[in-house]
Amino acid sequence: MSALHIKKGSTRHSAYNLRPTFSDVQERHTIAVLVENEPGVLARVIGLFSGRGYNIESLTVAEVDHTGHLSRITIVTTGTPQVIEQIKAQLGRIVTVHDVHDLTVEGPSVERELAIIKVVGEGDKRVEALRLADIFRANVVDSTLNSFIFEITGAPDKIDAFADLMRPLGLIEVARTGVAALLRGD
Amino acid sequence: MTREMTGAKMVVQALKDQGVDTVFGYPGGAVLPIYDEIFLQNDIRHILVRHEQGAVHAAEGYARATGKPGVALVTSGPGATNAVTGLTDALMDSIPIVVLTGQVPTFMIGSDAFQEADTVGITRPCTKHNWLVKDTDSLPGTMHEAFHVATSGRPGPVLIDIPKDVQFASGTYSAPKPSTSHYQPVLKGDLEEITELVAAMETAKKPVFYTGGGVINSGPAASHLLRELVDATGFPITSTLMGLGAYPASGKNWLGMLGMHGLYEANLAMHDCDLMINIGARFDDRITGRVDAFSPNSKKAHVDIDPSSINKVIRVDIPIVGDVAHVLEDILKVWKSRGRKTDAAAVKSWQAQISEWRKVNCLAFTASEKTIKPQHALQRLEELTKNHDRYICTEVGQHQMWAAQYLGFEDPNRWMTSGGLGTMGYGFPASIGVQMAHPDALVINVAGEASWLMNMQEMGTAVQYRLPVKQFILNNERLGMVRQWQELLHGERYSHSWSEALPDFVKLAEAFGAKGILCSDPADLDDAIMEMINYDGPVIFDCLVEKHENCFPMIPSGKAHNEMLLGEAETQGVIDSKGSVLV
């Protein structure tokens, strides 16, 4: 349990004992939420974010424990330290939420995202796209005489960088999965 | 014990097994099987309201006056959407209620069927939790879990949406067992934090208890322990609107209510204190005023069962997550075991300072022999009813604040008012719920005429069930609080804040078969109030009061506790443009 996680029954470690004041600094946090996989649970989480005006940069969800009917929602969000603490506390009070982990605080963590990117072009641009894909360890998963679809996995920054490079080379479409993340170690 | 029965019968059986004796509801197509089961039994009393909003507020009133969850039963579609205001109200004020809604049959969901609405979707943000029950076998478990969720941790409204085919189908009923669900809020506070708070109490020179609805919600033990702690330490205590009655108004350490229309001495004590002990309150914006000027020099402790209340608005130094009664018990234990220490000399001079503030007499008003001042009406009501077994409800507005200021509450669960949502139309149906719970008590709804008209249809309910609820309407023919803000903030342009077509309330009462009393002369007031009290049945008391009276004291929007206005003379240009965007 993180030093900044408000545990039910004890808030010895509320963030604001550790921080001088309500700071205005915007922080980016990756939060993993373990929820009961019941109808509407994603709507509850998303409704909480829209209703209270919090940001969602990325959100992924899938069942991770079939027998326990648990799904894991990974949310990347930004906000001041106070807002981040509120987000975690508000998530924690949803009746079907089992656990909330702030991976950014509890870290270090591994973050991965998968993207598939379609690039259309001919001649030198096509060759350059293929060469860059190799450098980024992106795989070609579909090809025609004038297009590629690349599959790339990595931290969001890496995918951003790859997409930026592909843009002048004929990038026409991107599909991204959003971030999945786990704490490192045991 | 398990038994085969229909879903509809399960609903009624589960209510009985949960100890429910009263249900407020309104039938419709999608709940007919449940109504059929209600018809066939005598254990649960069903109160037919006249509008579903009334059912939910009545359930809230019942819950607040008993500490037990209130139950409402309404049909699909419009029945469910009419319940939304009551659900939101209960969510804001943390009131445990269970609302059952009918739904179109499962095979028609999503087809835009007659009286279909996405009830769980619509009510998701205004319930603590909700369920759509898709098969009959899961209905009993859901019913029992709903009561567990509504009443555990921070209480709140829950809703169960039950499609009509689920009500007709048969399944296996099981009686309630202790909940095994994941949702089990922790009740005990952290001892390390509690000890830190006790240490702060031992050395505090200017301490103040700031208590809220959480004390009431925690149950009678919490109020009892609070009284013990306050009287043993001698620390002054103030309360939010929601917490009135937890500490008796006649208690020697009582400061009165705090906040926007709170008492001068209470707000100044909050501003100047060096230790603020928040017990079951949530630093609502009606309480804090300007946040960055809120009690600037105090150490703050906050006891709350909801971790999300901690540090939401005000940064606190000693956060304690737990149930108020459990935490108070531990505070008392630790404080006693460490030798019952306080800085008695400092607290004595702090109390002396407070007594100086009290001399300002912030609730003074200019009485009149010609017109009834609303404050005077409430003073007389207090005087003539305080020795009764009395419950007070209110609507929302000036009358609500005056009631909080001028009526004294000696016990918890005696004061039902819409605090968080500020729902006009709350008080009358709530009074019906309270009277159902306490048939022999004197139940008074202090109302404004505008609020009261919002749910006046419930006169039918009051008369049908012979509920002797007293509707004490302070009639100024204005939306008084709106008018007050227009005067202070909008250049006295009274845009749509009065009604030119008010009913004759006496005739209205008579039309429903109730009693109406009109009073406009201060000289007649006592007799008229006595007539109201002594009448064995519902009464509409139309008290014609001064039309332009403003509610003071007042902390204007965007101002701090020590910038409060005490009367008319101080109101010119007090709210700046920054403050005027606040509500």
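Helix H16(B) passes helix H17(B) in a right-handed crossing (right-handed if the near helix is turned clockwise from the far one by less than a right angle, left-handed if anticlockwise). The two pack at an angle of about 45 degrees, with their axes 9 Å apart; axes here are lines fitted to C-alpha atoms, for helices over the stretch in contact, and angles run from 0 to 180 degrees between N-to-C directions. That makes H16(B) oblique to H17(B), given that angles under 35 degrees count as roughly parallel, over 145 as roughly antiparallel, 65 to 115 as roughly perpendicular and the rest as oblique. Helices (H or I, at least four residues) and strands (E, at least two) are DSSP runs, numbered from the N terminus.

Before going further, a word on the model. It is a predicted one, in which local features need pLDDT of at least 70 and side-chain atom pairs count only at pLDDT 80 or more, while totals for chains, interfaces and linings use all residues. Residues are numbered from 1 along each chain as its sequence is written, and chains are lettered from A and ligands numbered from 1 in the order in which they are written.

Back to the helix pair. On the H16(B) side, Pro374(B), Gln375(B), Leu378(B), Gln379(B) and Glu382(B) meet His399(B), Trp402(B), Ala403(B) and Tyr406(B) of H17(B), where a contact means C-beta atoms, placed from the backbone, within 7 Å. By type, this contact divides into 5 nonpolar, 3 polar and 1 charged (Ala, Val, Leu, Ile, Met, Phe, Trp, Tyr, Cys and Pro count as nonpolar, Asp, Glu, Lys and Arg as charged, and the others, Gly among them, as polar).

How many of the 9 residues of H17(B) are buried? The count is 8 of the 9, so helix H17 (residues 398–406) of chain B is largely enclosed by the rest of the structure. Buried means that 20 or more other C-beta atoms lie within 10 Å of the residue's own, exposed that 12 or fewer do, and partly exposed is in between, with C-beta atoms placed from the backbone. The buried set runs through Gln398(B), His399(B), Gln400(B), Met401(B), Trp402(B), Ala403(B), Ala404(B) and Gln405(B). Their cover includes helices H16 (374–385) and H21 (480–489) of chain B, along with strands S11 (254–257), S15 (390–394), S17 (442–448) and S18 (470–475) of chain B.

Helix H18 (residues 427–437) of chain B has 11 of its 11 residues buried, so it is largely enclosed by the rest of the structure. Among those buried are Phe428(B), Ile432(B), Val434(B) and Met436(B).

Another helix pair in chain B is H11 (residues 220–233) with H14 (residues 324–337), packed at about 30 degrees with axes 8 Å apart. That makes H11(B) roughly parallel to H14(B), and H11(B) passes H14(B) in a left-handed crossing. Here Ala221(B), Ala222(B), Leu225(B), Leu226(B), Glu228(B) and Leu229(B) of H11(B) make the contact with Val324(B), Ala325(B), Leu328(B), Glu329(B), Ile331(B) and Leu332(B) of H14(B). The residues involved divide into 10 nonpolar, no polar and 2 charged.

Now for the sheets. Chain B has an open sheet of 6 strands in the order S11-S10-S9-S12-S13-S14, with parallel pairing; strands pair if DSSP finds at least two bridges between them. S11 and S14 of chain B stand at the edges with a single partner strand each, so one side of each is left without a neighbour in the sheet. The twist averages 15 degrees from one strand to the next.

In chain A, 4 strands form an open antiparallel sheet in the order S2-S3-S1-S4. Its edge strands are S2 (58–65) and S4 (97–102) of chain A, and the twist averages 20 degrees from one strand to the next. S1 (residues 27–36) of chain A pairs with S4(A) over 5 bridges, with Val33(A) opposite Val100(A).

Also in chain A, S6(A) and S7(A) form a hairpin with 2 residues between them. They pair in the antiparallel sense over 5 bridges, and Val140(A) has Phe150(A) as its bridge partner. Of the 6 residues of S6 (residues 139–144) of chain A, the number buried is 0, so S6(A) lies largely in the open.

Finally, where the chains touch, the contact takes 25 residues from chain B and 24 residues from chain A.

Technical notes
Two residues are in contact if their C-beta atoms, placed from the backbone, lie within 7 Å.
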